[in-house]
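Student: I have a model open and would like to talk it through. Could you take me around it?

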Amino acid sequence: MKKCPNGHYYADELDHCPYCPDGEHEDNMDETILLPPDKTMIMEDDGNEDEIIAPDSTSGDAEKTMVDAPGEKRAAETVEKRKLVGWVVSYTLDEKGRDFRLFEGKNVMGTDADCEVIVPDDGPVSGKYASIMFEDGVFRIKNESPRQETSVNEKAIGTKPTVLNDGDLIKTGETVFRFRTAL
């Protein structure tokens with residue numbers, strides 16, 4: 001691979017950069033990378049634009065791909081270290097079903113992107129409206145704010161933690177979830 005002065009990568013066989021008009025290297029700094037078909041190059045993001053690291057096919061990492069949007073939190077980074085203990089499934093959010101994993105400790109429900117159970121566009125639901133906790137072998141749900149209207153099996157839970165049992169229905173705003181335990 002060659003790199004033109006504008007930061008474009010292109011095949012060694014070419015005599016000039018195909019992304020710069022007429023090979024003139026005008027100010028086109030989109031850093032487009034031309035790769036041979038079915039090949040991947042891993043670019044180190046350490047400020048050194050010239051360093052290219054090829055995947056190590058013997059390590060098993062060559063077949064894995066991870067894409068993160070800038071500024072987004074990777075949920076896997078925060079939950080992989082905790083034991084999977086249950087799920088909530090909603091057919092309100094998607095008619096084919098949408099499930100969310102629950103892990104040991106606190107699992108926050110709300111509209112914020114950093115919640116473990118994200119409920120988009122549900123009018124009365126706030127950023128962090130409820131949490132499901134798993135501690136000492138017991139699941140509990142509680143409202144994070146007294147203004148929230150969460151119910152379990154059609155009974156409002158108020159602000160005190162309420163025990164959850166396998167199969168319980170949880171309603172938050174207009175969204176309904178079925179709770180399932182993995183234990």
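**Salt bridges and sheet**

Tutor: Asp 114 has a relative accessible area of 35%, so this residue counts as partly exposed. Bear in mind throughout that the model is predicted.

Student: Which residue forms a salt bridge with Asp 114?

Tutor: Lys 128 does, with the closest N and O atoms 3.0 Å apart; Lys 128 lies in the loop between β8 and β9, while Asp 114 lies in the loop between β7 and β8, 14 residues apart. Salt bridges that share partners join Asp 112, Asp 114 and Lys 128 into one network.

Student: And where does Lys 106 find its salt bridge partner?

Tutor: Its partner is Glu 144, the closest N and O atoms being 3.7 Å apart, and the pair links strand β7 to the loop between β10 and β11, 38 residues apart.

Student: Switching to the sheet, what order do the strands take?

Tutor: The open sheet has 5 strands in the order β8-β7-β9-β10-β13, with mixed pairing. Since β8 and β13 each have a single partner strand, they stand at the edges, and one side of each is left without a neighbour in the sheet.

Student: How do β7 and β8 run, and how many bridges join them?

Tutor: They run parallel and are joined by 2 bridges; Gly 110 has Ile 118 in β8 as its bridge partner.

Student: What about the largest nonpolar core, how many residues has it?

Tutor: It has 19 residues, and Met 109 is among those with the most contacts inside it; β9 gives the most to this core, with 3 residues.

Technical notes:
Residues are numbered from 1 along each chain as its sequence is written. This is a predicted model: local features need pLDDT of at least 70, side-chain atom pairs count only at pLDDT 80 or more; totals for chains, interfaces and linings use all residues. Side-chain values use heavy atoms; hydrogens and water are left out. Two strands pair if DSSP finds at least two bridges between them. Helices (H or I, at least four residues) and strands (E, at least two) are DSSP runs, numbered from the N terminus. A nonpolar core is a set of buried Ala, Val, Leu, Ile, Met, Phe, Trp, Tyr and Cys residues joined through side-chain atoms within 4.5 Å. Buried means under 20% relative accessible area, exposed over 50%, partly exposed in between (1.4 Å probe, protein chains only). A salt bridge is a side-chain nitrogen of Lys or Arg within 4 Å of a carboxyl oxygen of Asp or Glu.
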